[in-house]
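Hi,

Here is the structure I promised to pass on.

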Amino acid sequence: MARLIFSFDSEDYETPAADDTELWWARTLTRHGLTGCFCLVGELARALRTRGRRDVVEAYQAHEIAFHSDMHSAHPTHAEYLEELDWDAGVERLLREEGRGIADVRSITGQQPSAYVKPGNSWGPQTAATLPRLGVPIFADAPLEWAPGVPIWYAGSLCLKYHLHFDGYFRDPEDRLARMQRDLLHLLEAHGDGYVVMYTHPCRLYTAAFPDNFTAGKNPPRSEWRPAPLRPEAEREALKRDFDAFVRWVARDLKPEMATYRQVYEAHAPGRERWLNRDQVRRLAGAAPPAPGPLQWEGGWLSAAEQWSVLVGALALGEVHLTWPKQVAARRLLGPVETPARLEATSTAAIGELMAAARSALQDAERTGRMPASVSVRDAKLGPNALMQACARAIPRHFRARWPERVTLTPADETPALAHRADFAALRFQHTWSIFPPGFEGRRLLELARLQAWSARPA
Ligand SMILES: [Zn+2]
């Protein structure tokens, strides 16, 4: 059976009446001896402080604290500004604004947030690449995972989806408890030795809808924010009764192995970068797949970006008339952030020219932390896969062989294989979140997301 995480999107800073539902959920779990993960929006943490809710802040103490963005739905949302800014400017804005939110959540709760939960469907590969720099290496409610309940490393974050929500049972009281029990059991079995994340929005226990201040691109000043409408009292009491019974059943009868995001990270912590010796480099040169993708390697995996850094790194360290680099590091690079060059025709280059190109590509990667989208060899422009495949072909397979004099440059598939997988190919922004301005498509973000598949590997 999979391990179970209870995750709470604590986000409604506009509705003071919803503070009591934060308290109810935190205390209910504590009463049943369970640990939940409360994913706080920075603005809610500040609002609780402003509204004098020390009781809520103290009730969180028994639980894990995660982070659910600084301002959630306020415009521009992450996806909206990341679509417009270049990669580095987007990362800088995330560092500045989300850095403030994380610092506030940490001060107010006393815990460094363990995980990041995206607001609605607002994300970009830049968020996955930036939050670990703020000490938050887990991306929960991620748009991707390797397999149901199995995390994936992607753009530097350990990503896990959300799987089941209490919110799906708000509407229909008929047999509610039994349906929840059946659905959870089914998922715990289906996810094998992975995880099931069951989540809710605590606010929605009391509110009849989400606040609509920022719906469809609206962005009124703070003085015009309105609270969400509340549920009738009978409805909320019925929900509390059933959810309390469900949590009691989980704690006393089902007794699954519970997990926190921190434990997920500990179970999959990447450790230090790998090094490959000469023999391993030769073996990798023969094993790297033609379309970039993760490769099973000595009890773990190498992402396509790690393979690239080893094969290009071996050429960068190579010298034409000498032997081989003894050790090459598998750098954890990001994928390119611009459309890769596409080599149109086959040609050849002298080995020294390929080595010079590899050195320049690797220098670029050291400076930026990501693979360059285009590298020149003589007058040909190679995308990262064409370069990696040329390097793989140049590496002699026999341990006594020397570098070849010339190397063939051949067109290669520049889209990582994972980007073609059905769930990845179906990623969209349009019509996925009521907060986005109508017509928001995020096409560039989707292209960047595909390119970051270079960095992906199963956890
Ligand atoms: Zn949310």
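Below is what I found in it, topic by topic.

A word on the ground rules: this is a predicted model, where local features need pLDDT of at least 70 and side-chain atom pairs count only at pLDDT 80 or more, while totals for chains, interfaces and linings use all residues. Residues are numbered from 1 along each chain as its sequence is written, and side-chain values use heavy atoms, with hydrogens and water left out.

**The zinc site**

Start with the zinc ion, which is coordinated by Glu11 (OE), His68 (NE2) and His72 (NE2) at 2.0 to 2.1 Å. Donors here are N, O and S atoms within 2.8 Å of the metal (3.2 Å for Na, K and Ca); water is not among the atoms, so the site may look incomplete. Along the sequence, the spacing of the donor residues reads E-x56-H-x3-H. Glu11 sits in the loop between β1 (3-10) and α1 (19-31), and His72 in the loop between β3 (64-67) and α4 (78-84), so this pair ties together parts that are 61 residues apart in sequence. Helices (H or I, at least four residues) and strands (E, at least two) are DSSP runs, numbered from the N terminus. Glu11 and His72 are both buried, where buried means under 20% relative accessible area, exposed over 50% and partly exposed in between (1.4 Å probe, protein chains only).

**An enclosed helix**

Next, helix α2 (residues 42-50): seven of its nine residues are buried, so it is largely enclosed by the rest of the structure. Those buried residues include Leu44, Arg46 and Leu48. They pack against β1, α1, β2 (37-40), α3 (54-60), β3 and α5 (87-109); contact means heavy atoms within 4.5 Å. After α2 comes Gly52, with a positive phi near 75°.

**Aromatic rings**

How many aromatic pairs does the count come to? It comes to 24, taking rings of Phe, Tyr and Trp (its six-membered ring) as paired if their centres lie within 6.5 Å, with planes under 30 degrees apart called stacked, over 60 edge-to-face and the rest tilted. Take Phe6 and Phe166: the ring centres are 5.8 Å apart and the planes are at 50°, so the pair is tilted. Phe6 belongs to strand β1 and Phe166 to the loop between β8 (164-165) and α7 (176-190), so the pair ties together parts that are 160 residues apart in sequence. Both Phe6 and Phe166 are buried. They also belong to a cluster linked by ring pairs, among whose members are Trp24, Tyr60 and Trp249.

Another tilted pair is Phe436 and Phe440, with centres 4.9 Å apart and planes at 40°. Phe436 is buried at 5% relative accessible area, and Phe440 counts as buried at 12%.

Elsewhere, Trp454 lies in the loop between α15 (443-451) and β18 (457-458) and is buried, with a relative accessible area of 0%.

**Two domains**

Finally, the domain assignment gives domain 1 (3-268) and domain 2 (274-414); such bounds come from an automatic or database assignment. Their C-alpha centres lie 41 Å apart. Six residues of domain 1 are in contact with five of domain 2. Between them the domains bury about 400 Å², 75% of it on carbon and sulfur atoms; buried area is the accessible area (1.4 Å probe) that two parts lose on being put together, summed over both. On the domain 1 side, Trp87, Asp88 and Trp146 supply 81% of the area buried against domain 2, more than any other three residues.

Cheers
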